[in-house]
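This briefing covers helix packing, nonpolar cores and selected residues. The sequence and structure come first, and the notes follow by topic.

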Amino acid sequence: MSAAPGAATSALRRGALWLLLPALLIALPISLRAPTPAAPAGAQRLIILTPNNETIRGEFARGFAVWARRELGREVEIDWRTPGGTNDIVRAIEAQFRARFANDHADLPAAARAVFNDPKAGTDAKLDEAARAAQLAARSTFLASEGGIGVDLFWGGGEYDFRQCANKGYLVDAGLAKAIPEVLRDDIIPQTLAGETIYDPQGRYYGTALSSFGLCANPDRLALLADPTPPRSWEDLGAPRFIGAGAMADPTKSGSVNTCFVMMVQQQMAKAAGSDGLTDAARLDAGWAAGFTMIKRIGANARYVTDSASRVVRDVGRGDAAVGMCIDFYGRAEREWTHEESGRDRLLYAGAVGGTSLSADPIGLLRGAPQGELARAFMRYVLSAEAQRLWLYRVGEPGGPARYALHRLSVRRDLYTAEHTAHFADAGEDPFVLAQGFHLHPEWTGANFELIRSTIKAVVLDPRPELVAAWRAIVAAGGPERCPQAMAELEWLPYTFREAAAARQALTDDRIGTLRRWSSAAFAHYAAAQRLATQPSAITTSAPVSP
């Protein structure tokens, strides 16, 4: 007997709810608000998703309220939504847009609805013409729509994440190229810097601050080591003298941390390519492998791996770890706070010599923004010299922050002049000079951002106990130079740089299975490395002992 119509409808609704439940659970944090002061009566509300901390939110909310009162003649309030780090926000945006599109376009075929956010929708030659046409129709429908998720702006994170959101159609052209052309020029805010994209040529996102990466160290913990010299390069973090003394963050949880690892790989590939600029496949393979070997040694030295990029620098400042890597403004801010607290330097920070570019921290207008006009006004404000001074100036300086120094780097070249630098919280910082020491090659790692962090998960994080045991055995036996066979096992990778495209495809086809195979192979290689490091016959006695 067939089910009654009411019962069938009820079952379908229950099934739909179960299908939407994962998306709703991911997207729920969008509704979580950060505490904000009471807004003036009649204030226009702007909703911003951001991983930026409370000090940044507070200073820019205060500054925008003053600017909007003067320039727009209106009262405003900002409703900050802070569901987590950049990756959490991107997942929430994706889930919300998927749910919205599925709800608004239930008439479209399910297979076509599933790829509405895929820039390559409708191009798969393996599909028949009707399926490709349906995919293209779904994609075109989305790109022509104003269907939003009830949020105006996405602000803060890495350029890669914003590029992905823009290419999927979640971010739209804010029209700033026409609104402020006098700002978007090379002598004020350049479109690119040392190979990095500062703002999207299509106007979908704009860098609001610049970040570099460096090394933090605790002088008290360093004093307990045989060699107390602070680290100055990425290679230093992987030195045997820092075994058990480092702190490391998980790149699968933080886009900024993964960007830091990308810098390490880039640096090693540039070294392998050579000063003559030759970039033949074998050299790039060698540089790719050297970059991952460095990351493995850093992971093996770490006392622990945390989900939070900011925890590393806090723990180093407290002395829970001796060394770590961090974003520049985390290092500068923690250095100031710990000095104020103790009256002495409890944290040292230095940029990684020749190992970091300047990456943008963007802002983008979300499709269907409820307050589009006000959102564009906030974007103009954030790029103004008035707002950009908040990143740079000391507390209490005219035009500076009211409560906390933000220790960030401005995207505006015109603020790095004697007139402004006299007011800087961090004297001598000029990203446009720093950028001259490193050039990013997007063709090497641009398509491999996700691949790099997936590979780190498979060959560093998942088999970390085996990696740590193998590395310690090698160091105990005299170091890498005396254990070439063991090091060959420890340096194993599941693919070469030339095979990166195939590796990306393998992850697309079967992510879980591919990662499991890579991790299982890494377990075996690290076990072999540990075994070889303890066999006298595998030790080279003529090689120098590592420091």
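**Buried residues and their contacts**

Leaving aside neighbours within four places in sequence, Q267 is in contact (heavy atoms within 4.5 Å) with W234, E235, V353, G354, G355 and F438. The model is predicted: local features need pLDDT of at least 70 and side-chain atom pairs count only at pLDDT 80 or more, while totals for chains, interfaces and linings use all residues. Residues are numbered from 1 along each chain as its sequence is written, and side-chain values use heavy atoms, with hydrogens and water left out.

- Q267 lies in helix α10; helices (H or I, at least four residues) and strands (E, at least two) are DSSP runs, numbered from the N terminus.
- Q267 counts as buried because its relative accessibility is 7%; buried means under 20% relative accessible area, exposed over 50%, and partly exposed in between, with a 1.4 Å probe and protein chains only.
- W67 is part of helix α2 (residues 54–71) and counts as buried at 9% relative accessibility.
- Apart from neighbours within four places in sequence, W67 contacts L72, A377, R380, Y381 and E386.
- From C-alpha to C-alpha, W67 and V265 are 42 Å apart in space, and they are 198 residues apart in sequence.

**Nonpolar cores**

- A nonpolar core is a set of buried Ala, Val, Leu, Ile, Met, Phe, Trp, Tyr and Cys residues joined through side-chain atoms within 4.5 Å.
- The largest nonpolar core has 82 residues, of which W234, M264, W288, F292 and I456 touch the most other members.
- Helix α10 (residues 255–273) supplies the largest share of this core, nine residues.
- Not counting residues up to four places away in sequence, F292 touches V265, I452, T455, I456, L493 and Y495.
- Another core, of 54 residues, lies apart from the largest one and includes I189, Y199, Y381 and L392.

**Helix packing**

- Two packed helices are described by the angle between their axes and the distance between the axes.
- Axes are lines fitted to C-alpha atoms, for helices over the stretch in contact, and angles run from 0 to 180 degrees between N-to-C directions.
- The axes of α10 and helix α11 (residues 281–301) cross at roughly 140 degrees and come within 7 Å.
- α10 and α11 are therefore oblique to each other; angles under 35 degrees count as roughly parallel, over 145 as roughly antiparallel, 65 to 115 as roughly perpendicular and the rest as oblique.
- The crossing of α20 and α23 is left-handed.

**Positive phi values**

- Most residues other than glycine have a negative phi.
- A194 has a positive phi near 50 degrees and sits in the loop between β5 (192–193) and β6 (196–197).
- A194 is buried, with a relative accessible area of 17%.
- H407, also not a glycine, has a positive phi of about 60 degrees.
- The place of H407 is the loop between α15 (385–392) and β14 (409–410), and H407 is buried with a relative accessible area of 2%.

Key. Left-handed = near helix turned anticlockwise from the far one by under 90°.
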